[in-house]
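Visitor: Please walk me through this model, one question at a time. Where do we start?

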Amino acid sequence: KRYPEHTALDGVSFRVEPGQLFGLLGPNGSGKTTTLSCALGLMRPTSGRAQVLGIPSSRFHRTRGRVAVVFDAPVLLPGHSIAENLAYVSRLQGDRSAAGRTASEALDLVGLAGLERRRAGRLSLGQSRRLSIACALLGSPELVVLDEPLSGLDPVGVREMLALFTRLRDEGLTLVLSSHRLYEMERLLTHAAILIRGRLAACGALEDLLGAHGRVRVETSDHGLLESTAHTRGWSLETEEEQRWTLDAKGAEPAEVNRVLVEAGVPVARLEPARRTLPGLFDALVQEAEARP
């Protein structure tokens, strides 16, 4: 997606499979909302194409009742009650609203049961977000897209929302979450795409993105010998803490790394695969992006 003054998205391509809890991650301004807007037919891309459930984004209206979207800013009828908001959304969905979750079931899922008569305009930001999600869960959607779903929630609300998303995933619903909340997303997602400055920096199953891939954590009392051995092999030491170092062995298996270190005389007290964290991966990708011309 190009504008006269800048390029918002450049070569972004990914696929979300049924049953995934997919995260579109990145800092503010990275292109997450623009990506969703193009995919949902709200914005026309400069080039390329997007499909949702096999339907081109330019025909997104044909997904009515099959796809639900929750925007960052709640889109509600403030002068109407919670029950009236749900009834309105149910009418918009057409025939599919008769199947699947009822309004009472959706409210129970998001923790708003018993508040049906309260006006939407009197809800807190967190409650408004919950009502928006309840509207999205009405009927039998196959895909739910949520833009910054944790925004405005307190810690208890965040915990409850993560539990809800996990439950929906376990029920087989496909979810796409746009977020910059990396710590929370690491506990939740099955797959992720990371956007930085409008470009796709990484994409795949979360376990693959965070897997060791030749990175090991070594505990030894001889840092100097460890460092020289790593340098000889073309490996690099990344971090250090109380005689423990993270070693990037460029794809070598932990058993091979251990053999090399022991043969070199390095006193290895402990060696194990070093799994990245999502914030750690993100920081590394940002540094790589900043190093490019």
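Guide: First, a term. Two residues are in contact when heavy atoms lie within 4.5 Å. Keep in mind that the model is predicted.

Visitor: Which residues is E186 in contact with, leaving aside its neighbours within four places in sequence?

Guide: E186 sits in helix α6, residues 182–186. Leaving aside neighbours within four places in sequence, the 4.5 Å cut-off gives E186 these partners: L206, L210, R275, R276, T277, L278 and P279.

Visitor: What separates the C-alpha atoms of E186 and L206?

Guide: L206 is one of the contacts of E186. Along the chain, E186 and L206 are 20 residues apart. Between the C-alpha atoms of E186 and L206, the separation is 7.9 Å.

Visitor: Now the helix pairs. Are α4 and α5 parallel or antiparallel to each other?

Guide: Helix α5 covers residues 155–170. Its axis lies 13 Å from that of α4, at an angle of about 10 degrees. Angles under 35 degrees count as roughly parallel. The relation of α4 to α5 is therefore roughly parallel.

Visitor: How many nonpolar residues does the contact of α4 with α5 have?

Guide: From α4 come R130, I133 and L137, which meet G157, E160, M161, L164, F165 and L168 of α5. By class, one residue of this contact is polar, two are charged, and the nonpolar ones number six.

Visitor: Where α2 passes α4, is the crossing left-handed or right-handed?

Guide: The axes of α2 and α4 come within 9 Å. They cross at roughly 35 degrees. The crossing of α2 past α4 is right-handed.

Visitor: How many charged residues are in the contact of α2 with α4?

Guide: On the α2 side are I82, N85, L86, V89 and Q93; they meet L131, A134 and C135 of α4. Six residues of this contact are nonpolar and two are polar. As for charged residues, the count is no charged.

Visitor: Which residues of α9 make the contact with α8?

Guide: The crossing of α8 past α9 is right-handed. L226, T229 and R233 are the α8 side of the contact, and the α9 side is E256, V260 and L261.

Visitor: On to pockets. Which element gives the largest share of the lining of the largest pocket?

Guide: The largest pocket holds about 1100 Å³ of space and is lined by 32 residues. Two or more lining residues come from each of α1 (32–39), β2 (51–52), β5 (143–147) and β6 (174–179). The largest share is four residues, and the element giving it is α1.

Visitor: How many charged residues line the largest pocket?

Guide: F14, A39, R49, A50 and Q51 lie nearest the centre of the largest pocket. By class, its lining has 16 nonpolar and nine polar residues, and the charged ones number seven.

Visitor: Which element gives the largest share of the lining of the second largest pocket?

Guide: About 740 Å³ of space lies in the second largest pocket. Nearest its centre, among 25 lining residues, are V67, A68, V69, V89 and L92. The elements giving two or more residues are β4 (67–70), α2 (82–93) and α4 (125–137). The largest share is five residues, from α2.

Visitor: How many charged residues line the second largest pocket?

Guide: By class, 18 of its lining residues are nonpolar and six are polar. The charged count is one.

Notes
Residues are numbered from 1 along each chain as its sequence is written. This is a predicted model: local features need pLDDT of at least 70, side-chain atom pairs count only at pLDDT 80 or more; totals for chains, interfaces and linings use all residues. Side-chain values use heavy atoms; hydrogens and water are left out. A crossing is left-handed if the near helix is turned anticlockwise from the far one by less than a right angle, and right-handed if clockwise. On a 1 Å grid over the protein atoms alone, a cavity is a set of points where a 1.4 Å probe fits but cannot get out, and a pocket is an open set with protein on both sides within 12 Å along at least five of seven lines; lining residues have an atom within 4 Å of a point. Grid points are joined across faces, edges and corners, and a volume is the space filled by probe spheres set on the points. Ala, Val, Leu, Ile, Met, Phe, Trp, Tyr, Cys and Pro count as nonpolar, Asp, Glu, Lys and Arg as charged, and the others, Gly among them, as polar. Axes are lines fitted to C-alpha atoms, for helices over the stretch in contact, and angles run from 0 to 180 degrees between N-to-C directions. Angles under 35 degrees count as roughly parallel, over 145 as roughly antiparallel, 65 to 115 as roughly perpendicular and the rest as oblique.
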